[in-house]
Amino acid sequence: MRYPFPVGRSDFIQGDEAVARAAILAGCRFYAGYPITPASEIFEAMALYMPLVDGVSIQMEDEIGSIAAVIGASWAGAKAMTATSGPGFSLMQENLGYAVMTETPIVVVNMMRGGPSTGQPTFPAQGDLMQAVWGTHGDHMLIVLSPSTVQEAFDLTIRAFNLAEKYRTPVVILGDAELAHMRERVYIPNPDEIEVVNRKLPANEDEAKLPFGDPHGDGVPPMPIFGRGYRTYVTGLTHDESGHPRTVEPEVQQKLIGRIFRKILDHKDEIISYETFELDDAEIAIVSTGIVSRSAIRAVKMLRERGVRAGLLKLSTVWPFDFEVIEELAEQVRKIYVPEMNLGQLYHLVREGANGKAEVELIAKIGGEVHTPMEIVERVVG
Amino acid sequence: MRKEVLFSGFGGQGVILASVILGRAAAVYENLYAVQTQSYGPESRGGASRAEVVISDEPIDYPKAITPDYAVFFSQEAYTKFLHTVKEGATVIVEKDLVPHRDTEFEERLKVIALPLTEIAEETTGLSLTMNILTLGILVGVTGIVGRESIEKAVRDAVPHGTEEINLRALRKGFELAEKLKP
C-alpha cells in the first residue's frame, strides 16, 4: 500500500490535515462532507487523497446528507468520516442519533468555532461540548474525544476509528478553529506502527440473523455488511435483536437502549483517557480539555514558580465522563479550576464529579481567543 | 529556548505563508518543536492578517506568542496594533513604505530594520509578491533563528511549483541585506 503522504517521518501540518491523514491510516475509505470554516481543509485533504487510496470523497448537498451518506457507507463496509463545524454539527444531530440507534460505526469531527448560529467562523470556541454529548434527542450514549495538539488530533483520530469499530458506535472528535488551522510538528507513523481495529463481522448465519443481539455478552453485536449475503433490516425505530421494529413493548426499548449504554459504560475504563501533570502533591487542580489545556500546562508551571502547588488533569475523552476520577481529585485538592472557551459546560460535569468535596470555579472565556496562561494564573492567585 | 515570532500585515501579502515556511524549517529541518498559528477575518484579501510562530527545543505548551522576540510589520494597521506587544530589545522588521507613522520613542528600545521591502522585492525578482520571502531572508540572516539551508529547503517545499527559483532569489537577497545590516 502506498500512501499519498510521507509515512514514518515527521511533518509540519495543520490539525485538519492531521485528522485526514490519520483517518486514511486508520482505514477510512469514505468521506462525505460540506465545506465549512474551519473544517474545510479536512475535506480538501480527503478530496485529494481518497482517489489515491481507492477511496471515495464526495460533496453532499448539506451536512444532513453528509452524515447520512457516511452512515450508509459504513453499512456497506467502509470506515467512514465526515467533518464540520457548529452550524453543520447542528444539522447532523438527527442522524447522529440514528447512528447511535442503528449502532453504526462512524467518525464525526466538529472543529468548534464561536456560536451559536454562524457566529465567528474563523475563531475557536468550546461551546459545543454539551451538544456533542446531548445534542441529539432521546436517551443515548456515544463517545466524544478532544485533542489539544496536532499530534493528538492525529492520534485521537486513529483512536476514534478504533473505538467506533470496536463498540459499533458513532465517535465525535471535538477540535476547535485554533487546532484546526494550527501547524505543528507531527509524527506520521508507518502503518505497521499503528494498531487498527476492525468491526466484528457475523461468524455464521445465526449471528447474522441477530444484527442487534449480544451473542458474545459484551453488548456489541457483529455487524453484517450489505451485499455480503445477509438480509438485514436497519431502522431508527425501536427494534428487536433481528432489527425489526417493535415500538410498543416497553421491555424491547429497555433492552435495546440498556445495551447501547452498557456496551460503552461497561468498557469505560478502556475508553476513557486522560493525562495528569504535576498532580501528585497538588492542592490546586485545573481540569481542562482541548486547546485550553496547553494554556493550563503553562499556568501550572507559572504557579509552581510562585510556590503554588498546582496540577492539571487534562481530559482526552470528554464522554463517557469519568466522574470517579474527579471525585478522587476533589478529595485530594482544596480547589478545582475549570478554564474553558464557553460560559460553563465542562464546569458542570466537574462540579457533579467533585460532589461537594472541593470548591469548583469556572474560568470562562468567549470571543475567539484561547485563555492566556496569565489569565488562569491570576484567577488562581487572586 | 522559547522564541516567539510575529508576522503581521494584510491578507494577500503572504504573511501566513512566511510563517508556515519558518515553522517548517524549524520543525522538519532542524528537528525543533514549532507551532504556527494564524488569525484572520473571513475575507481572503485586504483584511488584517496575523500569524505567529513559536520555536522551542522542548514541547510547546501555550502555542501563541505572548511577547514576541522577533516581529514583522507589513502594514500601518498591524504596526499600530501590535508593535507594543514585542519584547524589549526585540528585532523588528518594518515595511517602511507601508508604515508611514512610526513610534520612534518606542523603537529606540528595539532593533528596528525599516526598509522599502516591496520595492526591493520588485527590483530583485520583478515580483512584489516575493516581499514575504525576502523578509524571511532578512529575518533568518539577522537572527539565525534557523539555519539558511533549512529555510531554503522549507521555501522549496512550500511555494507553488515553478516559482522555487524566483523565491530563492528573493530569500538570498534577504540574506545579503542581513549581512550589511549586522552590527
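1. Two residues are in contact if their C-beta atoms, placed from the backbone, lie within 7 Å. In chain A of this predicted model, 76% of the contacts with a separation of 6 or more are between residues 24 or more positions apart.

2. Chain A has 14 helices and 15 strands. The radius of gyration of chain A is 21 Å, close to the 21 Å that the globule rule gives for 382 residues, so chain A is as compact as a globular protein of that length. The C-alpha trace of chain A spans about 65 × 50 × 40 Å along its principal axes. As for burial, 52% of the 382 residues of chain A count as buried.

3. Some backbone geometry deserves a look. Most residues other than glycine have a negative phi, and most peptide bonds are trans. The bond between A:Thr37 and A:Pro38 is cis, with omega about 5°. A:Pro38 sits in the loop between strand S2 (28-33) and helix H2 (40-49) of chain A.

4. A cis peptide bond also joins A:Trp319 and A:Pro320, with omega about 0°. The loop holding A:Pro320 runs between strand S13 (317-319) and helix H12 (323-332) of chain A.

5. A:Asn355, a residue other than glycine, has a positive phi, near 55°. A:Asn355 lies in the loop between helix H13 (346-354) and strand S15 (359-364) of chain A. With 13 other C-beta atoms within 10 Å, A:Asn355 is partly exposed.

6. In chain B, B:Asn31 has a positive phi near 55°. The loop between helix H1 (15-29) and strand S2 (33-40) of chain B contains B:Asn31. B:Asn31 has 11 other C-beta atoms within 10 Å and is therefore exposed, the cut-off being 12 or fewer.

How values were computed
Residues are numbered from 1 along each chain as its sequence is written. Chains are lettered from A and ligands numbered from 1 in the order in which they are written. This is a predicted model: local features need pLDDT of at least 70, side-chain atom pairs count only at pLDDT 80 or more; totals for chains, interfaces and linings use all residues. Helices (H or I, at least four residues) and strands (E, at least two) are DSSP runs, numbered from the N terminus. The radius of gyration is taken over C-alpha atoms; the globule rule is 2.2 Å times the number of residues to the power 0.38. A residue is buried if 20 or more other C-beta atoms lie within 10 Å of its own, exposed if 12 or fewer, and partly exposed in between; C-beta atoms are placed from the backbone.
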